[in-house]
Amino acid sequence: MNIDKCPKCGAKMQEGFLIESKLPSRWIAGKPETSVLGGTKAQGREQRQIESYRCVECGYLESYARAVIG
């Protein structure tokens, strides 16, 4: 997917990504649950990569959970 124009101000959108804990962010189905080791349980759930776009003028961010992981 490619977002060309900002839906807020009409300026150019730039593709990028969000990082959390040294890995790209991902969308995980369901409500967050704590795992046995204290992290967030993700194994066995639907996971998707997050595509993110930023407006070069106003900074608006727009993100999509498109590609399935694993």
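**Exposure, contacts and salt bridges in the predicted chain**

Colleague: Why is Glu15, with a relative accessible area of 53%, called exposed?

Modeller: The term exposed requires a relative accessible area over 50%, buried one under 20%, and partly exposed covers the values in between (1.4 Å probe, protein chains only). Glu15 has 53%, and is therefore exposed. This is a predicted model, in which local features need pLDDT of at least 70 and side-chain atom pairs count only at pLDDT 80 or more, whereas totals for chains, interfaces and linings use all residues. Residues are numbered from 1 along each chain as its sequence is written, and side-chain values use heavy atoms, with hydrogens and water left out.

Colleague: Where does Glu15 lie, and which residues does Glu15 touch beyond four places in sequence?

Modeller: Glu15 belongs to strand S1, residues 13-16. Strands are DSSP runs of E of at least two residues, and helices are runs of H or I of at least four, numbered from the N terminus. Contact means heavy atoms within 4.5 Å, and on that basis Glu15 touches Ser52 and Tyr53, residues up to four places away not being counted. Between Glu15 and Glu62, 47 residues apart along the chain, the C-alpha separation is 9.6 Å.

Colleague: Why does Gln47 count as buried?

Modeller: Gln47 has 11% relative accessibility and therefore counts as buried. Gln47 lies in strand S5, residues 47-55. Beyond four places in sequence, Gln47 touches Arg26, Trp27, Ile28, Ala42, Ala67, Val68 and Ile69.

Colleague: What makes the pairing of the Gln47 and Arg26 side chains a polar contact?

Modeller: The two side chains are 2.6 Å apart at this contact. A polar contact is a pair of N or O atoms within 3.5 Å; within protein, one atom must be able to donate a hydrogen and the other to accept it, and residues adjacent in sequence count only if both atoms are side-chain atoms. The pair of Gln47 and Arg26 is therefore called a polar contact.

Colleague: How many salt bridges does the structure hold, and what makes Glu33 and Arg45 one of them?

Modeller: There are two salt bridges. The term denotes a side-chain nitrogen of Lys or Arg within 4 Å of a carboxyl oxygen of Asp or Glu. For Glu33 and Arg45, the closest N and O atoms are 2.8 Å apart, and the pair therefore qualifies. Both Glu33 and Arg45 lie in the loop between strand S4 (26-28) and S5, so the pair ties together parts that are twelve residues apart in sequence. Glu33, at 41% relative accessibility, is partly exposed, whereas Arg45, at 19%, counts as buried.

Colleague: How do you know that Glu46 and Arg48 form a salt bridge?

Modeller: Their closest N and O atoms are 2.6 Å apart, so the pair meets the definition. Glu46 is partly exposed at 36% relative accessible area, and Arg48 is partly exposed at 22%. Arg48 lies in strand S5, and its side chain also reaches the backbone oxygen of Arg66 at 2.6 Å.

Colleague: What makes up the largest nonpolar core?

Modeller: Six residues form this core: Ile3, Cys6, Ala11, Met13, Tyr53 and Cys55. A nonpolar core is a set of buried Ala, Val, Leu, Ile, Met, Phe, Trp, Tyr and Cys residues joined through side-chain atoms within 4.5 Å. Beyond four places in sequence, Cys55 is in contact with Cys6, Cys9, Ala11, Lys12, Met13 and Tyr60.

Colleague: What is noted about phi of Ser21 and of Lys22?

Modeller: Most residues other than glycine have a negative phi. Phi of Ser21 is near 55°, a positive value, and phi of Lys22 is near 70°, likewise positive. Ser21 is exposed at 71% relative accessible area, and Lys22 is exposed at 81%.
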